[in-house]
Structure formats: structure tokens, C-alpha cells
Amino acid sequence: MGGHVIFSHWDYFDQLLDAALGPDSWNTLQRVSYVWIKGRWVAYPFQNNIAALDKEDQVSCLSGLVEACVANATAPGRPANFDEWIMRVMGAGIADLFMRPYNFKVWGVPTTHMQCGWLGERVATVDVSRAIANVVHGREDAGWGPNAVFRFPKRGGTGAIWKAVAALLPADKQLYGAAVTSIDKDAKQVVLSDGQVIQYGSLISSMPLDVTLLWLGRAEWARGLQHSSTHIIGIGVRGSW
């Protein structure tokens, strides 16, 4: 298993991956994710599983949810930032116990410094009635989200997917081991380190945004971006448990 998985709601996308890798080349898996907090495991998403918390934290989270529900009904306009979105949707209890510290750990900046237009399906909202019922019945509720069930290649990891997709494309349209030195967006040209110039119609860059801006000659914009970094270590275990 890798750090990222493939999931989609788009039939065309799914058909493309099946055409590239083969429909029998996948394992279909159920996500199993937990949060370790205060000496106990809480199922993901945390905000749907406050039943696993101690009584004091349950009361704090449920009170915050109810207060947020009332406040959000009369709040003017859209949330100004991610922190305001958290407070409107989840309340102070979940914000202080989990959402603020967790997102600071992930992104490296306070939630007050983040906008909220990126959320989409990435952050679960909360059904207040369902959350209360889960607490009353002591019920785990871990099946939320677009990636609750996902596919992963049987062999080769995530890289096997894109190698197979690349094999569907004309070989003369692919170039590897070449370093980009600059991009001329007006002329729609990419310049390589060997002096080669490639003309393009549309350009999609998967490089970090600050690097792309340097290529575009916008070093001052790149310096103005705030970013975080991480080290990801993968451990493979062979055999049975």
C-alpha cells in the first residue's frame, strides 16, 4: 500500500484505468483509519465518532455541535477562512480537541490562515442528529467519504497505474529525463536544459507551485508563498500476521 489511493465518481476515469491496467489487476479495499487521542483510538472521521471519547469530551463536542448549528443558521455570508468554517460546522469542542491541532499538524499553518474553498469532499461535515444517536448508542460510524472503499493495484503500487496509462499514449509524445529551465507563457513554449524548445497548446504542471512560478520568471510570487514540507517513510511487510 502506498500513501495515496485512487477513487473517483467518474465512470470515464474508471474505464480508462481499467483499460490501462486491466479490470482484474485491482484489489478493492475498505479504508480503516483511526485517530489516536487521549489514550484511545477514535475512528475516522473524528467528527462522526465522538462516541469513542470520554464523557466530558462528548459533552463538549455535542454542545459545540448544537451551538454551531444554531449560529450557522443565522450567520451572514460565507465563512472567511477554514477556522470559521470549522466553527460554523462543528463548533468549539471538536475544533479545540481535534480539528485545529490536527490541521496545524498536516498543513503547518493555523486554520485561521487557510481559506476554505478547497474543502469539497475532503472534510466531512457533521449530521448533528446522527452524531447524538452515535453517542447514545455507543456506535462507531466509520464509513464516510468518497474513499471509504477504494481500489489499489495488486502489483506495482500507484506508479503501476500511470506507467500503464502512459503505455496507451504515443511514444513520440513522451519525453523523460529532461530538465525544464523556463516557461514562456505568452509564446507557449517550454525551454529545456539542452536548449530544446517545446511548443504547447495547453500546459498542466504537477510540479510545486513555487518551482513553476520560478520557471515563469515570477520569483517574487514564489517567495510570497507559504508552504510546509514533510518526510514520508514507507515500510513494507512480507508474510502473514
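**Chat about a predicted model**

Modeller: Tyr12, Leu16, Leu168 and Leu169 make a nonpolar surface patch of about 430 Å². Bear in mind that this is a predicted model.

Colleague: Thanks! Where does Leu16 lie?

Modeller: Leu16 belongs to helix H1, which covers residues 11-21.

Colleague: OK, new topic. Where is Asp24?

Modeller: You'll find Asp24 in the loop between H1 and strand S1 (26-30).

Colleague: Buried or exposed? I mean Asp24.

Modeller: Asp24 counts as exposed, because its relative accessibility is 64% and the cut-off for exposed is over 50%.

Colleague: What separates the C-alpha atoms of Asp24 and Asn103?

Modeller: Those two C-alpha atoms are 37 Å apart, and along the chain Asp24 and Asn103 are 79 residues apart.

Colleague: Let's move to Thr111. Where does Thr111 lie, and is Thr111 buried or exposed?

Modeller: Thr111 sits in the loop between helix H4 (91-107) and helix H5 (128-137).

Colleague: Which side chain does the side chain of Thr111 make a polar contact with?

Modeller: That would be the side chain of Asp83, at 2.6 Å.

Colleague: Leaving aside neighbours within four places in sequence, what else is Thr111 in contact with?

Modeller: Besides Asp83, the contacts of Thr111 beyond those neighbours are Asn81, Phe82, Ile86, Met99, Arg100 and Asn103.

Colleague: Nice. Now the rings: how many aromatic pairs are there?

Modeller: The count comes to six aromatic pairs. One of them is Trp36 with Trp41, a tilted pair with 4.8 Å centre to centre and 55 degrees between the planes. Trp36 and Trp41 are both exposed.

Colleague: Why is the pair of Phe98 and Tyr102 stacked?

Modeller: The planes of Phe98 and Tyr102 are at 15 degrees, with the ring centres 4.9 Å apart, so the pair is stacked; the cut-off for stacked is under 30 degrees.

Colleague: Where do Phe98 and Tyr102 both lie?

Modeller: Both are in helix H4, four residues apart, which is about one turn of the helix.

Colleague: Last one: which residues form one aromatic cluster?

Modeller: Phe82, Trp85, Trp107 and Trp118 form one.

Notes
Residues numbered from 1 in each chain as written. Predicted model: local features only at pLDDT ≥ 70, side-chain atom pairs only at ≥ 80, totals over all residues. Heavy atoms only, no water. Patch = residues over 30% accessible without salt bridge, like charges linked within 9 Å, V, L, I, M, F, W, Y side chains within 5 Å. Areas by Shrake-Rupley, 256 points an atom, 1.4 Å probe, with all protein chains shown as cover. Salt bridge = Lys/Arg side-chain N within 4 Å of Asp/Glu carboxyl O. Helix = DSSP H or I, 4+ residues; strand = E, 2+ residues; numbered from the N terminus. Buried < 20%, exposed > 50% of the residue type's maximum accessible area, 1.4 Å probe, protein only. Polar contact = N/O pair within 3.5 Å; in protein donor to acceptor, adjacent residues only side chain to side chain. Contact = heavy atoms within 4.5 Å. Phe/Tyr/Trp six-rings, centres within 6.5 Å; stacked < 30°, edge-to-face > 60°.
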